[in-house]
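Have a look at the structure and then read on.

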2 protein chains.
Amino acid sequence: MNEIFVGVDLGATYIKTGCFDSNLKLLAKTSAPTQAEKDANVIIDNIAATIEQCITNAGLSITDVSAIGLGCPGPAKYKDGIIEAAPNLPTLNNVPIRQMLSGRLAGKTIVFENDANVACLGEFTTGAGKGINDMAFFTLGTGIGSGIIINGKLLTGPTGNSAELGHTIIYPNGRLCTCGQRGCAEAYASAANTAKRAVEAVTAGEKSSLKKTFDDNGEITCKDVFDHSKAGDELAKRITDETAEFLAILCVNVLHTAEPKRIVFAGGMIAAGDILLNRIKYFFDEHIWNLKAESVEICFAALGEDAGIIGAAALAKAKLK
Amino acid sequence: MNEIFVGVDLGATYIKTGCFDSNLKLLAKTSAPTQAEKDANVIIDNIAATIEQCITNAGLSITDVSAIGLGCPGPAKYKDGIIEAAPNLPTLNNVPIRQMLSGRLAGKTIVFENDANVACLGEFTTGAGKGINDMAFFTLGTGIGSGIIINGKLLTGPTGNSAELGHTIIYPNGRLCTCGQRGCAEAYASAANTAKRAVEAVTAGEKSSLKKTFDDNGEITCKDVFDHSKAGDELAKRITDETAEFLAILCVNVLHTAEPKRIVFAGGMIAAGDILLNRIKYFFDEHIWNLKAESVEICFAALGEDAGIIGAAALAKAKLK
């Protein structure tokens, strides 16, 4: 019989779900609001209902499902199925979510993993990771998530909190990060902090076409920075370049750590296109050592928003092997 | 029959060799000058002679040996048995050293690995790694070598150049490293650079008891810095603290990368003792995030100079399994 796997990407805003066959071909997908402000029971009911709807849409029932993969924000006790301290899912923290969800879904096996790790596995399995065994992955959004594939396997670590490269420090005692550390890569190069650095520069009086955006909208988005950079604004170009340089340093550091053959960037920020990618490559060449030539490829992700549900299903499939 | 393994630690100054039984009990050890200034053939003859002497000292012959492990400085094509660009072994670079050495040793299997990785494996197998599955390792000498154990296995990467954490960048566009990069951890926190930072401060006119050392000896060593720090000199204390802080940041970064349960420091610098270890721990607590409590243990290595030969023998043993 053909095995069926469900992949779930639990975010603070939406629950996304996909139903897949044993070749990880997508049969159906659904999404629904998480309602993160509600009680844990409500959120878990929402997840269960979204999964059931997805299975129904695929013309199947819960008994047809072999296993479910669930990508969640962390930090978490992933091996125990418990989110520990996800800032945007406060009511779910320290709740036995895997156990409760399994109880609502006929006791099905649920594999629990970090959301960025799951997206990394998705890209590795059917996206930008084709043809290689060693890959690093960064997803650039409000924060910077990351994942590492070593010899074909996702690096998870003893509790599942490996590959939090957004929280590696690249400036000792630098900018304050939401995690409480100073100088994290995320505190400089995430979409939120790229926008924030632009706001700081504009409000400090630096000349820029972004000033009008800020005056009109009361904010500057990361997309604004990239758009004004494309239009030739000098400040926006500098902010874009700084972000690219920080990301290039993350590439240097992950190369010297796990030796990936490909480094894949994903997330909302990659909509910027070549003005971001080409500058990351440029700064990588500037910063990498000259002891020996490196052959790592830096590229953008291929799967868009589906990476999470595909990776979660791939994880469920791998669990049963 | 009891299997016999030989572990070799090839340094720029000495070749160290150990002969071990199948439980990695040391039967005999030898060492000899590398003669790094000589031709590759001479160096390889020196290695072969040192190994043969060691086996003879153990009352055995080359036919008794199951496999040989060899730890070498990098970067190298470890999987191919070729050193690529080791600055202190210029004549050995791009020479098929594994093949040539095997030819001189009855065609024995030789496993080739980075010297810091091998020392890491040695500590993990019979030293400071007891009772854990996930470990990070830093060896503090002229440079900073490192190794990572993930779920009981050495992280090597596709060509064996993983875990070069001394060359991760912690200050974009910072101090120039011998590798050609700027802002590497090694450019701040190695023994050589700790000493160099002290020389820079003294020659810039900062008051310190190290000034007399510099005037008398024409140099300041890392040991001088720690000795003067213990004696209460303010500049020496500041330089020591800065080194400890950089090393603590390496600990934060490797924790967020590979989630080790223990981080082990080795190499000449650990002779400094508690004034170094306690300050690394202090700065780790200062820099680590507050999202969740971390339980990583930071400690010094247990095996001293034997870590390399034990790790190399452990690698040879693992290869045959």
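**Reading the model, term by term**

Q: Which residues touch the most other members of the largest nonpolar core?
A: Of its 213 residues, A:Val6, A:Val8, A:Cys251, B:Val6, B:Val8 and B:Cys251 do. A nonpolar core here is a set of buried Ala, Val, Leu, Ile, Met, Phe, Trp, Tyr and Cys residues joined through C-beta atoms within 7 Å. Helix α8 (residues 234–258) of chain B gives the largest share of this core, 14 residues. In soluble globular proteins, nonpolar side chains tend to be buried together.

Q: What should I keep in mind about the origin and numbering of the model?
A: This is a predicted model, in which local features need pLDDT of at least 70 and side-chain atom pairs count only at pLDDT 80 or more, while totals for chains, interfaces and linings use all residues. Residues are numbered from 1 along each chain as its sequence is written, and chains are lettered from A and ligands numbered from 1 in the order in which they are written.

Q: What makes B:Glu259 count as buried?
A: A residue is buried if 20 or more other C-beta atoms lie within 10 Å of its own, exposed if 12 or fewer, and partly exposed in between, with C-beta atoms placed from the backbone. B:Glu259 has 22 C-beta neighbours inside 10 Å, so it counts as buried. You will find B:Glu259 in the loop between α8 and β11 (262–266) of chain B.

Q: Which residues does B:Glu259 touch, leaving out those up to four places away in sequence?
A: They are A:Gly157, A:Pro158, A:Thr159, A:Asn161, A:Ser162 and B:Asp134. Touching, or being in contact, is when C-beta atoms, placed from the backbone, lie within 7 Å.

Q: How many residues does each chain give to the contact?
A: Chain A gives 39 residues and chain B gives 39 residues. On the side of chain A that touches chain B, helix α8 (residues 234–258) of chain A has the largest share, seven residues. By class, that side has 18 nonpolar, 14 polar and seven charged residues. Ala, Val, Leu, Ile, Met, Phe, Trp, Tyr, Cys and Pro count as nonpolar, Asp, Glu, Lys and Arg as charged, and the others, Gly among them, as polar.

Q: Why are β3 (26–33) and β7 (110–114) of chain B said to stand at the edges?
A: The open sheet of five strands runs β3-β2-β1-β4-β7 (chain B), with mixed pairing. β3 and β7 each have a single partner strand, so one side of each is left without a neighbour in the sheet.

Q: How do you know that β1 (residues 4–10) and β2 (residues 14–20) of chain B pair?
A: Two strands pair if DSSP finds at least two bridges between them. Six bridges join β1 to β2 of chain B, and these strands run antiparallel. B:Leu10 stands opposite B:Ile15 in β2(B). Helix α10 (residues 307–320) of chain B packs on the sheet, touching β1, β2, β3, β4 (65–72) and β7 of chain B.

Q: What are the domains of chain A, and how do you know where they end?
A: Domain bounds come from an automatic or database domain assignment. Chain A is divided into domain 1 (4–121 + 306–320) and domain 2 (131–301). Their centres, taken over C-alpha atoms, are 27 Å apart. In the contact between them, 16 residues of domain 1 meet 15 residues of domain 2.

Notes: Two residues are in contact if their C-beta atoms, placed from the backbone, lie within 7 Å. Helices (H or I, at least four residues) and strands (E, at least two) are DSSP runs, numbered from the N terminus. Axes are lines fitted to C-alpha atoms, for helices over the stretch in contact, and angles run from 0 to 180 degrees between N-to-C directions.
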